[in-house]
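Hi,

Here is the model I promised to pass on. Have a look at it first, and my notes follow below.

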2 protein chains.
Amino acid sequence: MSDPLPPLSVLIFGFGAFGQMAARVLAPHLPVAICDPGPSALQMAQGLGLPVVPPEAARQYDIVLLAVPVPALAACLAGIAPHLAAGQLVVDVCSVKEGPAALMRRLLPEGVEILATHPMFGPQSMPAAVRGGRIVICPLRGRRWRQVAGFLRGVLGLRVILTTPEHHDRHAALTQGLTHLLARALEDFQPHPRIRTRSFDLLCEALDMVRGDAPEVYEAVTAANPHVAPLRDKLAQLLAAAAARA
Amino acid sequence: MSDPLPPLSVLIFGFGAFGQMAARVLAPHLPVAICDPGPSALQMAQGLGLPVVPPEAARQYDIVLLAVPVPALAACLAGIAPHLAAGQLVVDVCSVKEGPAALMRRLLPEGVEILATHPMFGPQSMPAAVRGGRIVICPLRGRRWRQVAGFLRGVLGLRVILTTPEHHDRHAALTQGLTHLLARALEDFQPHPRIRTRSFDLLCEALDMVRGDAPEVYEAVTAANPHVAPLRDKLAQLLAAAAARA
């Protein structure tokens, strides 16, 4: 009979909306600490009873979870790389995967393990509980990701989808990029009239879910995903062709 | 104390999916008869215990409900017009209103009252009950529509929206025409991948609701609504512009 593995300790780097959700979800199961220089982050972390540590403390944690938006990732990696040691696991949560994966491979020291992930839910779409939500994981270096995948599936009850960054971005271009583009485009047709069907109600509900996302999320899932532009062109052509037929 | 008004009798002209739903909804409250030459209609009407009558019997009913698709309306009006008398009320249920309103005004005898309507629900989107559903009504001739509106609101529990055919078609171009166009356009992006967000699930649910509609409904709410093409062009331009920015 072997002892169970000791719980992995996690340093959450960046304590914005997503980092806070991650802390609430993880803290009941694992030792969690926060790294974020902002004064409001300090106050909130203390409110949750979580320690706030400087980047220099990063090497004391098994996992470093980078809860920063895509445009901030390069600077974040450059800042934390000197404080990491071989065997640690770095995890990102960016909404696109090819660009962040390339950055992590380039900027993290050899021997540091890397798991790229995309939780397909967030503080807005799933504020209460994450159970049943989908998470895409793309193992890039090392083997510790298997333990993480088991935790996500077995403890958090997530549906784990194992794939590559390129495959993720191709699929997300449709399911995520196009949804955001439509939401933005249909804003120009506001206000929505009273004369409406149940299907239009649902359509609005779907688009409202992404409309509240931060501008950097919109940029990440549209401009930062190289597979979105061709889809966008195709949809514009299909609509124009339908217009020509009428 | 005055006696309550006697219940209005209704002849449902056309016993397709919508006519059948109307019969089920109305029969508990009003005397209902069916006019439809098809053998399956006869069988189904008998199954519901409803009489099937020829067009010549139309003048015996207070209300003639035309439950036929837009492309069949002109022929239907030409066929029934000789059998109508002043004081009767003709009601249509077409998904667009400007074209059908013009047809009814032109082809129905003077003295026949006219109420154009668009129930914003159907056998697919609301198979179980209509209570809470929206119905647009556009009174075109006569005053009996007030009694009908009271029945729809008070007895059936519908949300009645009183407006003009032109106003209806302008609004429906967005809430109905564009939904159908998007559903059709996004069919070209099938199959939908596993990597998807909750908002994309909702979007698909919304578009699936209209995808099963009959081809004549698609034609009615897109090509037969003159306000759809400009919206379609605008959306195509917005998407193309977004593509150019990326």
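**Notes on the two chains**

Let me start in chain B with B:Asp92, which is buried at a relative accessible area of 0% (buried is under 20%, exposed over 50% and partly exposed in between, with a 1.4 Å probe and protein chains only). Its salt-bridge partner is B:Lys97, with the closest N and O atoms 2.9 Å apart; for a salt bridge, a side-chain nitrogen of Lys or Arg has to be within 4 Å of a carboxyl oxygen of Asp or Glu. B:Lys97 also counts as buried, because its relative accessibility is 0%.

Some bookkeeping before you dig in. This is a predicted model, where local features need pLDDT of at least 70 and side-chain atom pairs count only at pLDDT 80 or more, while totals for chains, interfaces and linings use all residues. Residues are numbered from 1 along each chain as its sequence is written, chains are lettered from A and ligands numbered from 1 in the order in which they are written, and side-chain values use heavy atoms, with hydrogens and water left out.

**Salt bridges**

Over all chains, the count comes to 11 salt bridges. Another one in chain B joins the side chains of B:Arg196 and B:Asp201, at 2.7 Å from N to O. B:Arg196 has a relative accessible area of 16%, so it is buried, and B:Asp201 is buried too, at 17%. In chain A, A:Asp201 bridges to A:Arg196, again with 2.7 Å between the closest N and O atoms, and both A:Asp201 and A:Arg196 are buried.

Across the interface of chain B and chain A, the rule finds 2 salt bridges. B:Arg134 and A:Asp201 also meet through their side chains in a salt bridge, at 3.4 Å from N to O.

**The interface**

Which elements give two or more residues to the side of chain B that touches chain A? They are strand 6 (134-141), helix 6 (165-186), helix 7 (198-211) and helix 9 (228-245) of chain B; helices (H or I, at least four residues) and strands (E, at least two) are DSSP runs, numbered from the N terminus. Helix 6 of chain B gives the most, with 12 residues. The residues on this side of chain B divide into 28 nonpolar, 10 polar and 10 charged (Ala, Val, Leu, Ile, Met, Phe, Trp, Tyr, Cys and Pro count as nonpolar, Asp, Glu, Lys and Arg as charged, and the others, Gly among them, as polar).

In terms of contacts (heavy atoms within 4.5 Å), 48 residues of chain B touch 48 residues of chain A. The two chains bury about 4900 Å² between them, 76% of it on carbon and sulfur atoms; buried area is the accessible area (1.4 Å probe) that two parts lose on being put together, summed over both. B:Phe189, B:Ile195 and B:Leu239 supply 16% of the area that chain B buries against chain A, more than any other three residues.

**Symmetry**

Chain B can be laid on chain A with an RMSD of 0.1 Å, by a turn of 180° and a shift of 0.0 Å along the axis. The two copies are therefore related as by a two-fold rotation axis; the superposition is by least squares on the C-alpha atoms of residues with pLDDT of at least 70 in both. The same surface serves both copies, as 100% of the contact residues of chain B recur in chain A. B:Ala236 is the residue of chain B that comes closest to the rotation axis, at 2.2 Å (C-alpha).

**A few loop residues**

B:Gln88 sits in the loop between helix 3 (73-80) and strand 4 (89-92) of chain B. Is B:Gln88 buried or exposed? It is buried, with a relative accessible area of 5%. Its side chain reaches the backbone oxygen of B:Ala58 at 2.8 Å, and among the residues that B:Gln88 touches are B:Tyr61, B:His83 and B:Glu113.

B:Ala129, in the loop between strand 5 (113-119) and strand 6 of chain B, counts as partly exposed at 46% relative accessibility. B:Ala223 is in the loop between helix 8 (215-221) and helix 9 of chain B, and is partly exposed as well, at 42%.

Cheers

Definitions and conventions:
A polar contact is a pair of N or O atoms within 3.5 Å; within protein, one must be able to donate a hydrogen and the other to accept it, and residues adjacent in sequence count only if both atoms are side-chain atoms. Lists of a residue's contacts leave out its neighbours within four places in sequence.
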